[in-house]
Amino acid sequence: MTFLMCKSHYTHNGKYSNQVEWIPAPYKWNSYQSYDDVYQEIKEADIILFSSYVWNYTIVDEFCEYIKKKNPNVITVVGGPHIGTNEILLMMERYSLYDFICQPTKPGETFVSDLIDSWFDDGYPDIEKISWAVGSSCKRKYELDKEKYSVYEDNFEYLSETCSYAKTHNMEPFIVIETTRGCPYKCVFCEWGGGINTKIIKKDIEIVKRDILELKRAGFRDAYLTDANFGVFEDRDIEIFAFAWQNNFNLTDISTIKSKSLDRKKRLIDKWFGVVGATTNHPSTLEPSEKKSGLDMWGSTESISIVPTVSIQSISEDAMRIADRVDLSTADKLELSRYINKRCVENNFPIPALELILAMPGSTIQDFYDEMEIIWNFKAWGSFRHDYMFLPDSRLNSDDYKKKYAIETVEVFSDIVDEDGIDNWNSLYKNKETHFRTIRSCFSFTEEEMKEMWFMNNAANYLLKNVYADYKSYLTPGEFTKECYNVISQLDDFVAIRQEIKDIFDSNTPPKSIRQLCGQFRVNTIDAMLNKNLLLIKNEVMSQCLI
């Protein structure tokens, strides 16, 4: 989509648009077996653009290196959120591979437009004429609100082709849509929102409606909404959601406005349910033939959340303050969790995803266990706290921030095929480690407490779902899961798991996968161990209740 946005912007606004050919972005990532397979589709290009994210930067960098060897004269350009401004070694690698680098979260449309214009004007792009390029002082504004065209209409054939390919090959036809860009907040962990701590600009609502209809015409049934603060323009945003819903199109993974007002958040949820009403088409009520027919509003998207996500991050108000995160008080977060659960049950909708982060500086292990009440309120068994990623261009990753809060980190990695929802198990994605740093300890919790929290982040959902109902008269969700850990930590079957967790958080050993334990996805390993020892755990915890 970044490619298509840059293409449409230059087609409508570029000085030399009639002299530029845009080679379609490769998309058959389930079938490419080598970088040369991809290169053959784009080898005629004079300029090649790469978008770098934490989940693909290893592929991006390796592919760029391959291209430079094949054609040293090609101009290589990298943008996206994962660049390296707070990681010296990563940034040095980028300088060695790419001729031009777009600053993280800055508008690629103006960057690419300036680069192409200068290519024609100067024979080779002049960095001082390229807005938002690393090393340039040029900062030209991008006016999303002034666009009078639909990117999706401009590129209908390509979108239709990619959607058809995904369906033919049993892949998720994933697409994104934005209606606003920018975010007024400055959360330290963020590299998102089209620029943090910036003014929000909104796309013309009639263009948004055209976008939605064109995506549906291209064959898509849902789109990931990239707006960082859905509901900030309350009536407008609800109107957009209602338009999509009424046209049988889902806007998914909705991240709601950051706000200290519980009433405002409740009002947004109420308006959302006012649009969707109660449903009889919950996936659990559908026959297989109904799902396959595509006539229901769930179908193949039944696992995708269309209820707005609940952005909690941490129950600790100290952690939120230290992260510069504007949000509800702890008491209001608990109340909101109960309220959304109530509305979902009333309307027969699945519980939305919870957005929690594991072990934010300022939070304590007691805060971690107190958060179990939110998970229990939601019955959000599929929502695990995100491993705290010290992304290379976030303020969280700066030396000053880490020193201020006595933060120690450790390098870990995730194999891309371990990520949820990945379709590309046997292609170029296989055996690609994406490394990042995560927190090991800080002023508010120790390394040993971190290891306990990391394990229980994956174990607690199983225990709450399968066991806690029998103990809720005796213990709070937090007290129950803490007692469970006290029992589990003494089990013989925990010895190997404990050692592997110790290795993960040992900065003196080579980086380990943070997504796996004992050669399997970590949740599977932990669930199997808990299931094997479930009777013993239940008996021991009950004995503590009766003391």
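Tutor: Axes are lines fitted to C-alpha atoms, for helices over the stretch in contact, and angles run from 0 to 180 degrees between N-to-C directions. Helices (H or I, at least four residues) are DSSP runs, numbered from the N terminus. This is a predicted model, in which local features need pLDDT of at least 70 and side-chain atom pairs pLDDT 80 or more, while totals for chains, interfaces and linings use all residues. Residues are numbered from 1 along each chain as its sequence is written, and side-chain values use heavy atoms, with hydrogens and water left out.

Student: Is helix 17 roughly parallel or oblique to helix 20?

Tutor: The axes of helix 17 (residues 447-466) and helix 20 (residues 522-532) come within 10 Å and cross at roughly 60 degrees. Angles under 35 degrees count as roughly parallel, over 145 as roughly antiparallel, 65 to 115 as roughly perpendicular and the rest as oblique. Helix 17 is therefore, relative to helix 20, oblique.

Student: Is glutamine 246 buried or exposed?

Tutor: Glutamine 246 belongs to helix 9 (residues 234-246). Buried means under 20% relative accessible area, exposed over 50%, and partly exposed in between (1.4 Å probe, protein chains only). With a relative accessible area of 61%, glutamine 246 is exposed.

Student: How far apart are the C-alpha atoms of glutamine 246 and valine 276?

Tutor: Glutamine 246 and valine 276 are 30 residues apart along the chain. The separation of their C-alpha atoms is 8.8 Å.

Technical notes:
Helices (H or I, at least four residues) and strands (E, at least two) are DSSP runs, numbered from the N terminus.
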